[in-house]
Amino acid sequence: MSLLLSRVSKFRLGEPALLRRSYFRLLSSGFSSSMLQTPACSIARAEPCGDDLGKLVIRIDNEYCDTYLEKKVPLELMNEMVTVGASHGWVATLKEDGIVRLQDDLNPVASDTNPKRIALPPLVTLPHCQTKVVTNVAMSTSSPEDEDCVVAVKFLGPQLSLCRPAQCKWTNIMIKNPCFFSSRVMFSEKDDMFRMPGSGGHLIGSWDRLGKQHKFQRLQFKNLPELTKAKRELLYSCSVSEHLVESRTTCETFLVKWFRKANPKCLSKMKTRGVMVFKLEEQGKAVYTQDIGELNIFISKSEAFCLPAGSIPSNFVELLDFDEMTNVCLDGYFIGPGNFTSMAPYFIPPQNKI
């Protein structure tokens with residue numbers, strides 16, 4: 001597969017048809033299952049091609065060259081003021097009209113001649129809350145077209161909103177504990193609940209699909225690493241974000257702490273300084289680990305996900321933001337180079353071939 005991907009990534013923009021055929025040939029050669037899937041990828045950019053459209057450029061997981069697709073997407077999706085999150089390959093937009101829309105434009109295998117656009121009901125802002133700035137978006141199934149799909153939108157501040165697109169109605173929840181004000185929500189298939197970590201990762205909140213039941217769990221950190229004084233001071237000086245991610249193949253849940261600090265060469269950009277991964281066990285134990293097995297974790301502005309490594313190296317945390325794309329090898333604690341910028345920093349999980 002790596003050889004095929006390498007060849008595909010070297011095609012020029014002037015050969016889109018050939019590239020697209022090669023892209024799908026690699027899918028059929030890389031998977032023995034009858035349900036063929038694309039590799040995980042990230043959105044790099046869109047090359048303008050007229051009429052406010054651009055040809056989608058992606059970066060396939062474990063490859064370091066861009067892959068140019070024939071697929072055309074609206075250039076506005078490259079604007080960080082328009083997109084507010086993504087989940088399962090669906091990007092969410094929020095414009096001045098206050099309507100959250102789910103679009104499949106950035107899904108590499110979705111149709112560009114007949115893109116799917118699903119508008120959710122107008123947002124309702126709870127007292128002392130705001131619905132302009134979104135932390136992230138999560139979904140309970142792989143498509144908002146599923147009858148039982150529930151979409152969760154976490155806003156900066158106390159409000160969490162849940163919507164079942166099939167019923168066109170929001171359920172709005174006010175979370176009074178300020179440790180959740182900047183938290184990122186995810187859906188746990190194992191628990192059948194939306195979950196998010198509080199600031200610092202000491203508390204996990206969970207809400208059912210209807211928003212009627214909730215629970216909070218306090219974590220006890222175990223097996224913490226012994227850090228040198230210099231390493232400890234470095235991490236203390238960083239900005240830290242917490243991310244929950246679930247491996248659906250092993251039914252494991254991980255809490256990832258991502259440490260970033262302003263790049264000394266460019267203070268407006270952030271640079272990864274460290275990652276800590278904790279495996280969540282029974283009775284609220286969060287055990288530090290440098291071994292997540294034959295898995296890789298993907299964290300971006302999309303809902304975080306975890307995948308079996310397959311034929312590529314495992315035990316990595318892949319990280320993507322507007323100003324950085326890097327990976328961290330957990331057992332060797334190697335942090336890869338982060339020279340990358342994207343106005344749509346979304347990892348797209350494997351998609352069924354259309």
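**Notebook: rings, a hairpin and a core**

I started with F216, which is partly exposed at a relative accessible area of 43%; buried means under 20%, exposed over 50% and partly exposed in between, with a 1.4 Å probe and protein chains only. For the record, this is a predicted model, where local features need pLDDT of at least 70, side-chain atom pairs count only at pLDDT 80 or more, and totals for chains, interfaces and linings use all residues. Residues are numbered from 1 along each chain as its sequence is written, and side-chain values use heavy atoms, leaving out hydrogens and water.

**Rings**

How many aromatic pairs does the structure hold? I got eight. Rings of Phe, Tyr and Trp (its six-membered ring) pair if their centres lie within 6.5 Å; planes under 30 degrees apart are stacked, over 60 edge-to-face, and the rest tilted.

I looked up F187 and F194: their ring centres are 5.0 Å apart and the planes sit at 65°, so I noted the pair as edge-to-face. F187 is buried at 3% relative accessibility, and F194 is buried at 0%.

Next came W207 and F216, with centres 5.7 Å apart and planes at 90°, so this pair is edge-to-face. W207 counts as buried at 2%. Ring pairs also join F180, W207 and F216 into a cluster.

Which residue lies over the face of F221? I found K257, 4.8 Å from the ring centre. (The test for a charge over a ring is NZ of Lys or CZ of Arg within 6 Å of the ring centre and within 35 degrees of the ring normal.)

**Hairpin**

Strands here are DSSP runs of E, at least two residues, numbered from the N terminus. I checked β4 (residues 83-87): five of its five residues are buried, so the rest of the structure largely encloses this strand.

β4 pairs with β5 (residues 90-94) in the antiparallel sense over four bridges; pairing needs at least two DSSP bridges. T83 stands opposite T93 in β5. Two residues lie between the strands of this hairpin, and H88 takes a positive phi near 55°.

**Core**

What does L102 touch, not counting residues up to four places away in sequence? My list includes W90, V91, I118, M139 and V151, with contact meaning heavy atoms within 4.5 Å.
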